[in-house]
Amino acid sequence: MPKNTKPAKSTKAGKSAAKPAAKTGRTPSKPAAKSRKPILIGIAAVAAAAVLGIASYQATSPDTKPTVNDSASTADPAAGAHPELEKLARRDAKDPLAQGRADAPVVMIEYADFKCSYCGKFARDTEQQLVKKYVDNGTLRIEWRNFPIFGAESEAAARGAWAAGQQGKFWQFHAAAYAQGSKEKGFGADRLKELAKEAGVPDAARFATDLDSDAAKAAVKKDQDEAYGLGASSTPSFLINGTPIAGAQPMDAFAQAIEAAAKAKK
């Protein structure tokens, strides 16, 4: 545990994790997930999903260095894997919101919001390392799930990302939206057009149509409902072959989970 992590204080049951809130993710001031009930089938799946549901995080600026709550990651990832959660991996080779082989031994599902500071930090730092170390060699597949929880602009950015994906530019849009300082410019209509241009989306008119389409709204809602069904109320949240990891944990936490999952598949 990092030196700047303070000892845990007791909390009321059901309101937070056993340790104090770790600044490794972001939650809305009034989590919408409170009105949602887990939709997973089976006691084991619900218990595993609680790892995502009980972890709450304080929103901080992108320049604030997070402290790590060790309870938010799994010490033994292989022991924490649940087949019910692993089945959430779609493994669709044509999915424009995914990267890596569809048959990769490990799938990391990421539930994130473009207005989340720690999602941006993860995207700029850790995720790029994961791509170079595990996606490029065929070990890992990353499947993105839009999980907008911070209002109308979050929803709009999610639809914009989906629309960019329809022209094969999701990850380029993802990079532009998560670039340092991008979030502070907001995600209004004009800004989304700028991001699409930065991402190299070839057909601006189609992007505008797809952005406001029923298909975009349905796709975002499907991802959002999946996350709420897991009990997730903060971003970013992850599943690595069924092992939940909550928050923008250090590279080592993800490497440990990925390598354990890959070993279990051999």
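**Helix packing and the nonpolar core**

Reader: How do α4 and α10 pack, in terms of axis distance and angle?
Author: In this predicted model, the axes of helix α4 (residues 126-135) and α10 come within 10 Å and cross at roughly 35°. The crossing is right-handed.

Reader: Which residues meet there?
Author: From α4, the contact involves Thr126, Gln129, Leu130, Lys133 and Tyr134. They meet Met251, Phe254, Ala255, Ile258 and Glu259 in α10. The residues of this contact divide into six nonpolar, two polar and two charged.

Reader: Turning to the core, how many residues are in the largest nonpolar one?
Author: The largest nonpolar core has 61 residues. Those with the most contacts inside this core are Met108, Phe114, Leu130, Leu140, Phe173 and Ile240. Helix α10 (residues 251-265) gives the most to this core, with seven residues.

Reader: Which residues is Phe114 in contact with, apart from neighbours within four places in sequence?
Author: Phe114 is in contact with Trp144, Asn146, Ala157, Ala158, Ala161, Phe170, His174, Ala177, Tyr178, Lys183 and Phe187. Of these contacts, Phe170, His174 and Ala177 are also among the buried residues of α6.

Reader: Is α6 mostly covered or mostly open, and what is the count?
Author: Helix α6 (residues 170-177) is mostly covered, with six of its eight residues buried. The buried residues are Phe170, Trp171, Phe173, His174, Ala176 and Ala177. Phe173 also belongs to the group with the most contacts inside the largest nonpolar core.

Reader: And α3, which of its residues are buried?
Author: In helix α3 (residues 117-124), six of the eight residues are buried. They are Ser117, Tyr118, Cys119, Gly120, Phe122 and Ala123.

Reader: What covers the buried residues of α3?
Author: The cover includes β2 (106-112), α4, α6, β4 (237-240) and α10.

Reader: Another helix pair, please: what are the angle and axis distance for α5 and α8?
Author: Helix α5 (residues 152-165) and helix α8 (residues 204-211) pack at an angle of about 130°, with their axes 8 Å apart.

Methods. Residues are numbered from 1 along each chain as its sequence is written. This is a predicted model: local features need pLDDT of at least 70, side-chain atom pairs count only at pLDDT 80 or more; totals for chains, interfaces and linings use all residues. Side-chain values use heavy atoms; hydrogens and water are left out. Axes are lines fitted to C-alpha atoms, for helices over the stretch in contact, and angles run from 0 to 180 degrees between N-to-C directions. Helices (H or I, at least four residues) and strands (E, at least two) are DSSP runs, numbered from the N terminus. Buried means under 20% relative accessible area, exposed over 50%, partly exposed in between (1.4 Å probe, protein chains only). A nonpolar core is a set of buried Ala, Val, Leu, Ile, Met, Phe, Trp, Tyr and Cys residues joined through side-chain atoms within 4.5 Å. Contact means heavy atoms within 4.5 Å. A crossing is left-handed if the near helix is turned anticlockwise from the far one by less than a right angle, and right-handed if clockwise. Ala, Val, Leu, Ile, Met, Phe, Trp, Tyr, Cys and Pro count as nonpolar, Asp, Glu, Lys and Arg as charged, and the others, Gly among them, as polar.
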